[in-house]
Amino acid sequence: MEFIMHENGFESEFDFGKLTISGKDEFGFRPYALLVSSIAGCSGGVLKQVLTKMRIAFDDITITADVKRNPDIANRVEEIKLHFTIFGKDLSEKKVEKALELSSKNCSMVQSVKGSINVIETFEIKE
């Protein structure tokens, strides 16, 4: 990947389009938002794969992320709480819990920040 500086941040070209990164919301994606999005997207994607491999039928997954930052240390991201809402009928709480444990162990982004950012994953089931 190559990132090219411009007046308000950096840009990179990908097969699917241009990514603009900036410390200001009005000029691009903020770095911390990309970090949180990477962790949430990876974890959700792996969860989807695990549920499918376990043959657990579900209709949808939504993820809510709550981020705790430390303003005294460069506004460092210290904790990310991911709450998964899994929609479907007759879902087993035990099986979904097992799937979430497996997804956390197999998500490259969660594993990459392990030890520096506390990632807490919770879930609920809705029909």
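Is Phe10 buried, partly exposed or exposed, and what relative accessibility does Phe10 have? Phe10 counts as partly exposed because its relative accessibility is 39%, where buried means under 20% relative accessible area, exposed means over 50% and partly exposed lies in between, with a 1.4 Å probe and protein chains only. The model is a predicted one, in which local features need pLDDT of at least 70 and side-chain atom pairs count only at pLDDT 80 or more, while totals for chains, interfaces and linings use all residues. Residues are numbered from 1 along each chain as its sequence is written, and side-chain values use heavy atoms, with hydrogens and water left out.

Phe10 is found in strand 2, residues 9–14, a strand being a DSSP run of E with at least two residues, numbered from the N terminus. Together with Met1, Phe3 and Met5, Phe10 makes a nonpolar surface patch of about 510 Å². Such a patch is made of residues with over 30% relative accessible area and no salt bridge, the nonpolar side chains (Val, Leu, Ile, Met, Phe, Trp, Tyr) being joined within 5 Å, and accessible areas come from the Shrake-Rupley method with a 1.4 Å probe.

The rings of Phe14 and Phe16 have their centres 5.4 Å apart and their planes at 10 degrees, so the pair is stacked; rings of Phe, Tyr and Trp (its six-membered ring) pair if their centres lie within 6.5 Å, and planes under 30 degrees apart count as stacked, over 60 as edge-to-face and the rest as tilted. Phe14 is partly exposed at 24% relative accessibility, whereas Phe16, at 73%, counts as exposed.

A ring is involved in another way at Tyr32, where Arg69 lies over the ring face at 4.1 Å from the ring centre; a charge sits over a ring if NZ of Lys or CZ of Arg is within 6 Å of the ring centre and within 35 degrees of the ring normal.

The structure holds four salt bridges, each being a side-chain nitrogen of Lys or Arg within 4 Å of a carboxyl oxygen of Asp or Glu. Among them is the bridge between Glu11 and Lys18, at 3.7 Å from N to O, in which Glu11 is partly exposed at 25% and Lys18 is partly exposed at 49%. Another joins Asp25 to Arg30, with the closest N and O atoms 3.9 Å apart; here Asp25 is exposed, with a relative accessible area of 56%, while Arg30 is partly exposed at 25%.

Key: Patch = residues over 30% accessible without salt bridge, like charges linked within 9 Å, V, L, I, M, F, W, Y side chains within 5 Å. Helix = DSSP H or I, 4+ residues; strand = E, 2+ residues; numbered from the N terminus.
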